[in-house]
Structures are given as C-alpha cells and as structure tokens.
Amino acid sequence: LATATSNLFEICSYHVPDPDHSLQKLKTQIMMSSNDADCPICLDRMSDADMAYPLLCPAGCGYNFCFSCAEHLVNSSKEDYEMASDGNRHVKVQLQCPQCRGNLQHTIHDTMILRRAKKTEKYKDLKDSELNATELRDKHTFPSKEEVEDAEARLRKFHKDNADRGDCPEPIQLEIQSAGASSKEIFLDTTLFQGLEFAMSNDEQRYVQELLTSGDAQNLANAAQILDGIFQLMMQGLATAKTFVERSRNEERRHIEAMDIYKKRCPLPARLPKYFTLSPQKKSPILFEDDQWDGSIEDAFARTNRKGEKKRILPGIQNIMASAKQTHLEPKARVKIVSIKGQAGKIGLQVGDVVTHINGEPFIGTADNLRLFVQGLLEQGETFQMVVNADDATAEVLRLRSDMSERAMSDAFASLNDKK
C-alpha cells in the first residue's frame with residue numbers, strides 16, 4: 001500500500017507526457033495498458049467493475065486504474081499536503097489523470113458510484129441467506145437507485161460533450177431486495193441505527209431494521225457489520241446525507257419531545273449489537289471472563305459488568321416483557337468482556353459486552369479459548385473482526401419491541417397533542 005501510495009503521488013505530481021509523442025500514439029499506448037487485467041499503479045487485479053466503468057479523462061487518453069487507487073486519490077486530494085515516501089511534505093494532490101494530467105474532478109466521483117453499484121450487481125439475484133456478512137453489507141449499502149441514475153446521467157452528458165472519447169457503458173439495472181419485502185409502508189424506527197440514519201437511504205434503513213427485528217442472532221451480527229460499513233464510509237468522507245426531513249423550529253422541537261417519550265415507552269436493550277475490527281498488537285487489549293446466561297430475555301436490558309446487578313424495571317421494559325409469550329429461552333454459557341484498554345476502548349468496545357462472533361462466525365467456547373485464539377491472531381500480525389451482543393436475548397427483545405414501536409410512536413405524538 002505504501003509503495004502504491006508513493007507511486008500514485010509521484011505519477012500525479014510529476015509525470016508529463018513526452019512532447020515528442022503524438023496524441024494519437026499516446027492514446028494507443030494508454031488504451032493498450034488500460035485493457036490489461038492489472039492496475040498499472042498497485043499491480044492488483046482489476047475487477048469487472050473497474051473494466052466496465054473506466055475512469056473518464058477529458059483528454060481521452062484512456063488511462064484506467066482500480067477502485068482502491070481511485071479511492072486513495074480522492075482521499076488524498078482532500079488533504080492539504082501529501083507525505084512522500086522519504087518523509088517530505090509535497091504540494092496538495094489534485095484530481096488529475098496520472099498519465100496526461102487531465103482534470104478528473106468532474107467524472108471520478110460518478111465513476112466510483114457506478115463501480116460500487118456494479119460490484120454489488122452480482123448479489124441481486126441471490127438470497128440473503130446465501131451471502132456472508134461482508135457480501136450482505138456490499139449488497140445493501142450500495143448507492144441508492146437515484147444516485148446511480150444521476151451519476152449515469154452526468155457521465156452520459158460528459159460523453160455527449162466529448163463525443164470522440166468513447167461510448168458510455170449500458171445502464172445498471174438495480175433492484176434493492178430485502179427479506180420479507182412488502183408493498184405496505186413500513187414504520188422506520190430510527191433509534192435502531194445508532195445515529196447513522198442520515199447516511200442511510202430508506203431502503204437501507206428498511207433492510208437493516210428487518211435484520212435487527214427478525215429475532216435471529218445471526219441477523220443481528222449481519223446488521224452490525226452493515227452499520228459499521230456505513231460508519232467507515234462516513235469516516236472516509238464517502239457517505240453523504242441520504243435522508244433529511246426538513247422541519248420548522250416548532251416541528252423539530254415537537255419531534256424531539258415525541259422521540260423522548262417514545263424512547264421511554266420503547267426502551268432499547270442495554271447491549272446493542274456492534275461490529276469491531278482490531279489491528280495487530282503485542283498484547284491483547286481485552287480481558288475475557290466466562291459467564292452463564294440464565295435464559296431470561298430481560299437480561300438484554302442490563303449490562304453484564306457487575307454480578308448481581310439489578311435489572312431496570314422501567315414501565316417501558318415491563319410493557320415489552322408483558323408482550324412476550326415466553327420470558328425465558330434455553331440457558332447457555334457465554335463470554336463477556338471485563339476489562340479493556342488502548343485500541344479496544346477507542347473503537348467503542350465496553351466492559352459488559354458479550355462476545356458472540358469472531359471473524360464472521362458464531363463463537364462457541366470459553367474465555368480461555370477466546371483469549372488464546374485472539375492472542376494467537378495478534379501475535380501473527382493478523383487483523384480480526386469481533387461482533388458483540390448479537391445474542392438470543394437481545395434478538396428477542398428487539399423483535400418484541402418492534403411489534404409495539406409504531407403504536408408507541410403514534411401515542412407519543414398524541415400525548416403531545418393532549419397537552420395543548
């Protein structure tokens with residue numbers, strides 16, 4: 001990656017075509033290189049999406065490189081300076097073609113949208129049950145259909161304005177599929193999305209909500225990974241606001257008051273499922289401990305960090321528990337986190353979290369098993385993924401809560417009207 005970064009910077013900053021070469025010779029040379037299966041910058045294999053939607057240069061040179069290098073170029077262009085391999089700080093990187101220095105800023109973002117959508121096209125005819133969590137995230141976090149259509153329209157206009165530069169690929173036919181899709185309008189509970197709802201389309205919110213309220217622990221793990229993927233895109237500046245409801249000052253105040261009432265009547269579990277990636281280090285930053293779950297679904301409303309901790313008995317919790325046909329499931333052993341430090345605390349892991357999945361697979365074992373496994377990965381310099389709180393108790397509480405959420409929200413607004 002460091003070598004590719006240095007190569008990309010040096011090409012973008014310093015390469016100027018030889019003036020003795022004719023433009024036609026340059027076009028022929030670059031078009032030949034763009035047809036190769038390897039990215040000319042990082043030398044990784046070019047994906048089908050990279051080949052189907054090549055980068056469009058206004059000079060028509062035909063130079064193309066992979067999505068990862070294009071993403072790095074975009075991210076580097078947002079920084080004030082670029083650090084070279086020798087440690088020196090050079091001038092700001094521009095969104096220019098590495099070969100001919102043509103301006104890419106008007107096409108590169110739209111090309112990346114189409115590449116991301118093309119990548120997920122192969123999943124659209126597959127059932128969600130046939131995909132792993134990473135593929136699920138890719139399938140349901142691609143840009144919205146409107147974004148893809150807008151991107152295609154802009155690139156078609158580019159081709160119309162530059163008729164001799166090539167043909168625009170055929171449009172992608174996107175169909176967002178979700179489990180149990182229905183023509184009935186679904187109430188979207190934004191409290192489930194952990195503050196990420198503004199970066200999610202309505203289709204993405206609907207699908208993630210279906211996973212979280214399905215009553216299935218594995219679906220909770222998949223939802224946690226999808227939400228983390230959206231968060232990582234936000235941190236990289238690649239996710240923009242997709243849903244925004246414009247309200248007046250009074251409407252916004254009333255909405256906030258209604259949400260406060262709703263949260264009390266439909267409280268979330270104390271342990272929501274979350275997905276984390278931990279990088280290699282000398283010593284594990286997490287201390288694990290064996291724990292025994294008694295099968296009570298009410299356990300989801302309490303942290304596990306202190307033995308004998310009293311469970312919350314708020315009216316909203318009592319209402320959710322009262323709707324349960326059974327309040328206990330099969331008891332089982334589990335592993336909880338009792339101490340964190342360093343990287344683990346910074347990324348959001350908390351004492352009391354229950355470890356449920358490692359590297360995409362359900363974890364079944366003891367605290368010693370997990371400690372040895374994690375320590376072995378870290379010592380080998382391997383990054384690993386962990387999902388916490390995607391357990392049966394949390395899954396069942398979220399399912400029960402969803403059955404009463406829409407009515408609870410309506411009652412919350414009605415109670416505000418009664419106060420007038």
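Is Leu 104 buried or exposed, and what is its relative accessible area?

## A residue to begin with

In this predicted model, Leu 104 is buried, with a relative accessible area of 2%, where buried means under 20% relative accessible area, exposed over 50% and partly exposed in between, computed with a 1.4 Å probe on protein chains only. Leu 104 sits in the loop between strand E2 (89–90) and helix H5; helices (H or I, at least four residues) and strands (E, at least two) are DSSP runs, numbered from the N terminus.

Leaving aside residues up to four places away in sequence, Leu 104 touches Leu 56, Cys 57, Leu 73, Leu 95, Gln 96 and Cys 97, a contact being heavy atoms within 4.5 Å. Leu 104 and Leu 55 are 49 residues apart in sequence, and their C-alpha atoms are 8.0 Å apart in space.

## The chain and the basis of the model

The chain has 14 helices and eight strands, and buried residues make up 45% of its 420 residues. Of the contacts in the chain with a separation of 6 or more, 75% are between residues 24 or more positions apart.

Residues are numbered from 1 along each chain as its sequence is written, and side-chain values use heavy atoms, with hydrogens and water left out. Since the model is predicted, local features need pLDDT of at least 70 and side-chain atom pairs count only at pLDDT 80 or more, while totals for chains, interfaces and linings use all residues.

## Two nonpolar cores

A nonpolar core is a set of buried Ala, Val, Leu, Ile, Met, Phe, Trp, Tyr and Cys residues joined through side-chain atoms within 4.5 Å. The largest has 22 residues, and those with the most contacts inside it are Met 200, Val 208, Leu 212, Leu 220, Ile 226 and Val 387. Helix H8 (202–212), helix H9 (217–235) and helix H14 (392–419) are the elements that give two or more residues to this core, and the largest share, seven residues, comes from H9. A second, separate core of 21 residues includes Leu 104, together with Cys 61, Ala 70 and Met 112.

## H8 against H9

The axes of H8 and H9 come within 7 Å and cross at roughly 145 degrees; axes are lines fitted to C-alpha atoms, for helices over the stretch in contact, and angles run from 0 to 180 degrees between N-to-C directions. The contact is made by Tyr 207, Val 208, Leu 211 and Leu 212 of H8 and by Asn 219, Leu 220, Asn 222, Ala 223, Ile 226 and Leu 227 of H9.

By class, this contact has eight nonpolar, two polar and no charged residues, where Ala, Val, Leu, Ile, Met, Phe, Trp, Tyr, Cys and Pro count as nonpolar, Asp, Glu, Lys and Arg as charged, and the others, Gly among them, as polar. H8 is mostly covered, with nine of its eleven residues buried, among them Glu 204, Arg 206 and Glu 210.

## H5 and its two partners

Helix H4 (residues 67–77) and H5 pack at an angle of about 140 degrees, with their axes 11 Å apart. Their contact involves Phe 67, Ala 70, Glu 71, Leu 73 and Val 74 of H4 and Ile 108, His 109, Met 112, Arg 115 and Arg 116 of H5, and by class it has six nonpolar, one polar and three charged residues.

The axes of H5 (residues 108–121) and helix H7 (residues 145–161) come within 9 Å and cross at roughly 130 degrees. In this contact, H5 contributes Asp 110, Thr 111, Ile 113, Leu 114 and Ala 117, and H7 contributes Glu 147, Val 148, Ala 151, Glu 152, Arg 154 and Leu 155; these residues divide into six nonpolar, one polar and four charged.
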